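Here is a short briefing on the structure shown below. Keep the sequence and the 3D view open while you read.

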Amino acid sequence: MNEIAGEILAILRRYLSEPTSRSLLTSAARRANVRLEVLARPEIPQLVQQLGPGLNIFLQEPEKLQNCKSLLALVAVENAPSIPMEPPQQQAESRPDGISVPIRAEHDVVRARTLGKDMAKQLGFSEVVQTKVATAVSELARNIFQYAGTGEIRIRRIEGKRRGIEVVARDQGPGISDPALILSGAYRSKWGMGAGLRGTKRLVDEFELDTHPGLGTTVRIRKYAE
Amino acid sequence: MVMMMETQRIPIVRLSGKLIVSIQTALSDTVVDRLQQDVAAACERGDARGLVVDLSGVDVLDSYITRSIRDLAVMARLMGVETVVCGLRPAVAMTLVEMGMELPGVRTALNLDRALSLLDSLQPEGLPNDLAGEGDEWEGEA
């Protein structure tokens, strides 16, 4: 099994036992007609496709199933190996790849949160940083759901000198009329939006809020590994 | 295949006069709201002397959920059921502190065992009223 196959196994292992993960992977590889010893990235989509039926059987919780599949899909679109495989390619620009989670229902808040944590874990972040990322994602996702109704959370890794995670929360909701007031702590909403945004800001390394009343809000946060 | 889950429900266990709620799942707002109602109903039955909320299985607590847990504890207390929240993971505790969100007015313990002993040590009457007046301080800090 090469490193790319190892990455896929590592994702499966997060949700399934070692023997189950291995047997799912080897049988999917057989059906996809790929060899795990020399697995190449372009072959991942077909392998992941063959993993689908097995995952449906073994992962009965819809949320976990969805998360597992999202992580697998993410591996497929990546050109660079993930941590802790090889030294990252020297590239200052971050990649446009990542996971997008539409926020339409309350359940999506939990999903976004879980994916944020999974991704932070996959990147080798410490437990505390993982928790901070997940909490920040949860706050942003909840704000979308409660204030705008629908929107989107995008989570992607930042490669380069400082490894990290970027989360962009975007909606076309009512916007925030006085963001400075909200962030100052003087404002308290019924649902605690002030607390959520202020808390998020404290948890991350970079925080940008772009809001236009009547048009929507975009929050971009970054958290670095160290 | 398993049945499709409706709104998930967190079980409330009764053990020698105490209610024990052990949360071992990712909390959605609906689940936590439901839990509040269930705990209120359980307290209303009147035979419980204490409530323990074990959060050891919770890996993320955001502001809304933290507030809900805190409200739950305060509510139970108002109904005469002393509450201890326990099992907060270190990473979760650190995150809450960083966000400026502690659990004002809520007794906490390291784990379930200690939470139960703490409840036992509390006198059924004449409780120290150390929680009074803190109820409105949530989010108060800048």
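The points below cover a sheet, a helix and a nonpolar core. The model is predicted.

**The sheet in chain B**
- Five strands of chain B make an open sheet, ordered 1-2-3-4-5, with mixed pairing.
- Strand 1 (12-15) and strand 5 (107-109) of chain B are the edges, each pairing on one side only.
- On average, neighbouring strands of this sheet are turned by 25° against each other, direction ignored.
- Strand 4 (residues 82-86) and strand 5 of chain B run parallel and are joined by three bridges.
- B:Cys86 has B:Ala109, in strand 5 of chain B, as its bridge partner.
- In general, strands of a sheet pair through backbone hydrogen bonds.

**Helix 2 of chain B**
- This helix spans residues 63-78, 16 residues in total.
- Its first and last C-alpha atoms are 22 Å apart, close to the 22 Å expected.
- The helix lies across strand 3 (50-54) and strand 4 of chain B, and runs at about 155° to strand 4.
- Its buried residues include B:Tyr64, B:Ile65, B:Ile69, B:Leu72 and B:Ala76.
- B:Gly80 follows the helix, with a positive phi near 90°.

**The largest nonpolar core**
- This core has 86 residues.
- A:Val137, A:Leu140, A:Ala141, A:Ile153, A:Val167 and B:Val53 touch the most other members.
- Helix 6 (residues 127-148) of chain A gives the most to the core, with nine residues.
- Domain 1 (3-77) and domain 2 (99-224) of chain A each supply at least three residues.
- Beyond its neighbours within four places in sequence, A:Val137 is in contact with residues including A:Ala112, A:Gly116, A:Ile153 and A:Val167.

Notes. Residues numbered from 1 in each chain as written. Chains lettered and ligands numbered in written order. Predicted model: local features only at pLDDT ≥ 70, side-chain atom pairs only at ≥ 80, totals over all residues. Helix = DSSP H or I, 4+ residues; strand = E, 2+ residues; numbered from the N terminus. Expected span 1.5 Å × (residues − 1). Buried ≥ 20, exposed ≤ 12 C-beta atoms within 10 Å, placed from the backbone. Pairing = 2+ DSSP bridges. Axes fitted to C-alpha atoms, helices over the stretch in contact; angles between N-to-C directions. Contact = placed C-beta atoms within 7 Å. Core = buried A, V, L, I, M, F, W, Y, C linked by C-beta atoms within 7 Å. Domains from an automatic or database assignment.
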